[in-house]
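Dear colleague,

Please find the structure below, handed over for your records. My notes on what was found in it follow directly after.

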Amino acid sequence: MSKLEIHDILYKVEKPARYLGNELNSVHKQIDEKTVRFAFCFPDIYEIGMSHLGMQILYHLLNSQENVFCERVFSPAVDMEEEMRKNNIPLFGLESREAIKNFDFVGFTLQYELSYTNILNMLDLGEIPLFSKDRGENDPFVVVGGPCAYNPEPIADFCDIVLLGEGEELLVEIMEVYKQFKNTDYKRVEFLEKIASIQGVYIPAFYDVRYNEEGIIEAITPNNPNAPQKLTKRIIQNLDEVFYPEEILVPYINIVHDRVMLEVFRGCSRGCRFCQAGMIYRPVREKGFDRLKYLTEKLLSNTGYEEISLSSLSTSDYSNLDKLVRHLIDDYEKDKVGVSLPSLRLDNFTFELIQEIQKVRKTGLTFAPEAGSQRLRDVINKGVTEEDLTNAVEKAFDLGWSSVKLYFMIGLPTETLDDLDGIKELAFDVVGIYYQTDKEKRGKGLNVTVSASTFVPKPFTPFQWEPQDGLEEIYSKQRHLVEKLKRKNITFNYHDAKTSLLEGVFARGDRRLSKVLAEALKAGCKFDGWNEHFNFSRWMEVFQTCDVDPVFYANRRREYDEILPWEHIDVGVTKQFLIRENEKAKAGELTQDCRTDCSGCGVNHGFIGGIC
Amino acid sequence: MYKIRSRFTKKGDLIFISHLDLVRVFERAMRRANIPISYSQGFNPHPIMAFATALGVGVTSEAEYIDIQLDEKIELNDFIDRINAVMPDGLKIIKSKYIESTEDSLMAILKRSIYLVKVNLISELKEEFIIEQLSKFIDNEEIIEIKEKKKKNKDRYKRERNKVQETNIRPLINELMLFSVQGKELILKMNLVTGSVGNLKPETVMRKLEELTEIPMLLDSVRINRLELLKEQKGQFVELMEE
């Protein structure tokens with residue numbers, strides 16, 4: 001393989017440091033005929049991809065393996081892509097600057113449905129055949145994983161291998177099998193058949209999907225004797241023993257999350273009914289204090305970072321949070337290391353801790369009530385009350401904050417205009433609380449930011465059968481809120497409903513959407529998650545050309561007995577549990593936190609064994 | 001409180017990181033090297049350090065300078081070794097010395113920069129012709145650089161055009177000479193005003209040369225190497241760390 005010459009084009013593009021590949025703690029290995037080459041591709045630009053903890057973990061994990069060399073690949077920005085195409089430079093691994101079409105594996109992480117066109121564009125730029133069926137014996141295996149891989153059907157035709165669940169053990173097992181095949185005279189299908197029986201491996205080509213006249217799935221059946229009927233995800237049992245990097249890549253340029261990310265636990269016990277992460281990452285597994293203390297010391301000294309963030313789905317639920325934060329402050333305040341705590345909940349919001357952290361660095365305050373009325377918060381099982389919010393905000397203003405962000409979703413199942421008015425009331429209450437706070441104590445210049453995203457029903461949640469609100473409904477709800485929230489000190493932001501529609505189509509889509517994606521690539525769709533690149537009318541033309549109706553996927557109510565595109569995949573929570581939760585949602589009944597009372601989701605049967 | 005002044009180089013792939021990126025690289029290198037750096041007060045404490053001037057993205061430099069403030073005094077060689085051990089390839093401290101805290105900042109003393117600028121010619125030219133063209137260029141009393149000033153106020157109802165600023169860059173060119181020409185590769189050496197009194201980039205000089213002389217060149221191929229930064233001392237222009 002030869003190194004591509006990119007030096008001259010680096011003078012012509014914005015932020016050339018995105019493409020250097022020699023950042024602190026990047027890995028550069030000697031390559032010989034035994035080296036298994038893995039391209040870890042993130043289908044978005046460098047600043048987004050480098051902020052992703054999963055990439056940092058798997059990059060260093062793979063590189064810790066003998067004879068495996070993992071390199072990073074991000075979507076080149078539009079200007080770089082243009083230069084690459086002009087100069088016939090195929091997509092390359094940042095570390096070696098060698099074309100990824102000659103690698104053994106090209107892996108994509110699926111974080112967001114709107115990045116699917118970027119995946120196709122990267123394959124195209126990499127000169128790798130788009131469709132799995134068109135790949136030859138010398139082409140790399142295209143492998144995908146990540147949260148969207150739990151319903152990989154819309155992109156299944158482009159993937160050779162789908163990995164379900166947590167990858168730390170699974171990837172290593174696959175590398176081990178592959179080492180036995182590499183440099184032998186094997187057929188692609190033989191390798192795929194060999195790994196098909198490993199738990200967590202899904203080979204889409206080994207399954208056929210049959211549809212009835214209404215376009216609803218009739219059956220999903222294996223067509224290869226090595227393919228299991230039911231596919232189960234992988235899970236890491238012990239988070240203290242699992243691999244975690246002791247050094248992470250430190251970029252030159254400013255990225256979205258430019259700090260040490262320390263994972264404190266996986267899973268979430270809250271059971272919010274809209275939240276896919278809360279369902280698919282079950283059960284809760286924590287890292288112990290001693291392990292985190294050790295990792296912190298290593299990570300800070302190996303990176304020189306000035307900030308550490310405690311990462312999880314709900315960091316205030318970490319059982320050793322108090323002890324950990326105090327340790328971080330006591331040991332690292334002298335080095336001016338800041339601590340940030342994302343994902344705090346209103347009901348167990350620890351102001352004492354926040355105040356401690358303020359000693360070092362000032363952070364912003366964000367609360368996520370998600371819905372405006374208690375009724376709707378009960379429907380989604382959010383489990384926080386208006387009192388939780390007002391208490392938290394009172395304390396915050398008392399301690400000198402003057403700027404608060406409130407996150408909501410609109411388009412939730414059963415939502416009415418009354419629920420939206422609840423958003424207004426909460427926001428106005430916050431303003432009221434500010435003016436009641438002692439002038440001496442509160443900060444100057446009140447700013448309440450209300451953000452409303454559009455709800456998108458996701459697979460493996462209790463709302464997976466629910467129709468998503470149509471564009472017109474969302475527009476009218478947004479207009480309603482714009483009117484209601486016209487007030488000094490309140491800023492109202494809302495999400496573009498069109499991108500949410502597209503997200504909804506692909507979230508619950510099936511294999512027939514692959515032709516839509518291939519057509520979208522031809523039409524020039526890419527970076528759909530970016531406002532400046534997203535072109536809705538072009539997408540609608542593509543759907544029309546392919547004779548596919550987005551309404552069928554996004555806005556249709558499914559029956560409980562309908563075979564869903566992800567029916568053959570088992571993430572641990574049972575269908576019965578999801579149905580029960582959906583029914584409870586309709587009745588406005590709450591489900592307890594799993595740590596208080598087991599809700600019987602099913603993840604403790606077969607996956608982890610016994611109790612969570 | 002102690003202050004160390006250092007000279008360093010920026011080469012190889014590292015020329016593609018911006019000035020702000022460079023600041024971060026230094027901050028993190030200090031932490032990894034356990035240098036007892038001083039921090040600013042306030043909510044967002046940051047290491048106290050200051051550079052002489054920002055270097056453009058894509059420009060190589062033999063002569064960059066930084067002042068770093070420390071809480072404890074450490075051996076200079078130790079300081080250099082520890083930082084160089086954690087610096088990425090392409091960044092290297094060449095020399096350091098302690099300076100008085102009352103000493104003028106790098107930014108304040110900086111007056112001139114010396115550059116080598118390489119460019120590809122469209123056709124081969126004789127040395128004499130190039131020298132003649134350069135001296136004609138330099139004989140101009142005025143060389144006007146037109147710069148569009150982007151309006152800060154983005155008022156969509158006002159359809160005024162961006163204001164245009166005209167600057168005479170001739171007084172900012174102290175020296176412009178032929179360094180070498182081999183086939184189609186031309187290298188020029190220039191001494192330009194830099195710092196608080198004025199700032200001229202070699203790219204601008206090249207653009208003007210292309211516009212005003214008969215030297216046909218490919219501006220895309222311009223590659224710049226900063227050789228020296230100079231201060232004024234007793235009527236002489238000398239290197240920034242000269243005693």
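Helices (H or I, at least four residues) and strands (E, at least two) are DSSP runs, numbered from the N terminus. On that basis, chain B has five helices and 11 strands, while chain A comes to 20 helices and 19 strands.

This is a predicted model, in which local features need pLDDT of at least 70, side-chain atom pairs count only at pLDDT 80 or more, and totals for chains, interfaces and linings use all residues. Residues are numbered from 1 along each chain as its sequence is written, and chains are lettered from A and ligands numbered from 1 in the order in which they are written.

**The two chains**

The C-alpha trace of chain A spans about 75 × 65 × 55 Å along its principal axes. A compact globule of 612 residues would have a radius of gyration near 25 Å, and the 24 Å of chain A agrees with this; the radius is taken over C-alpha atoms, and the globule rule is 2.2 Å times the number of residues to the power 0.38. The C-alpha atoms of chain B fill a box of roughly 55 × 55 × 40 Å, again taken along the principal axes.

A residue is called buried if 20 or more other C-beta atoms lie within 10 Å of its own, exposed if 12 or fewer, and partly exposed in between, with C-beta atoms placed from the backbone. Buried residues make up 47% of the 612 residues in chain A and 24% of the 243 residues of chain B.

Where the chains meet, 19 residues from chain A and 18 residues from chain B take part in the contact (C-beta atoms, placed from the backbone, within 7 Å). The side of chain A that touches chain B has 10 nonpolar, four polar and five charged residues. Here Ala, Val, Leu, Ile, Met, Phe, Trp, Tyr, Cys and Pro count as nonpolar, Asp, Glu, Lys and Arg as charged, and the others, Gly among them, as polar.

**A sheet and its helix in chain A**

An open sheet of six strands runs in the order β2-β1-β3-β4-β5-β6 (chain A), with mixed pairing; two strands pair if DSSP finds at least two bridges between them. At the edges stand β2 (68-74) and β6 (201-202) of chain A, each with a single partner strand, so one side of each has no neighbour in the sheet. Helix α6 (residues 167-181) of chain A packs on this sheet and touches β1 (36-42), β2, β4 and β5 of chain A. The direction of α6(A) makes about 145° with that of β1(A); axes are lines fitted to C-alpha atoms, for helices over the stretch in contact, and angles run from 0 to 180 degrees between N-to-C directions.

Strands β4 (residues 141-145) and β5 (residues 161-163) of chain A run parallel and are joined by two bridges. Val144(A) has Val162(A) in β5(A) as its bridge partner.

The axes of α6(A) and α7(A) come within 11 Å and cross at roughly 145°. Ile174(A), Val177(A), Tyr178(A) and Phe181(A) of α6(A) meet Phe191(A), Lys194(A) and Ile195(A) of α7(A).

**An exposed loop residue and an enclosed helix**

Asp185(A) lies in the loop between α6 and α7 (188-195) of chain A. Asp185(A) is exposed, with 6 other C-beta atoms within 10 Å.

In helix α16 (residues 497-507) of chain A, by contrast, 10 of the 11 residues are buried, so the helix is largely enclosed by the rest of the structure. Its buried residues, including Leu501(A) and Phe506(A), pack against α5 (116-125), β17 (447-454), α15 (471-484), α18 (536-546) and α19 (550-554) of chain A.

With kind regards

Technical notes
Two residues are in contact if their C-beta atoms, placed from the backbone, lie within 7 Å.
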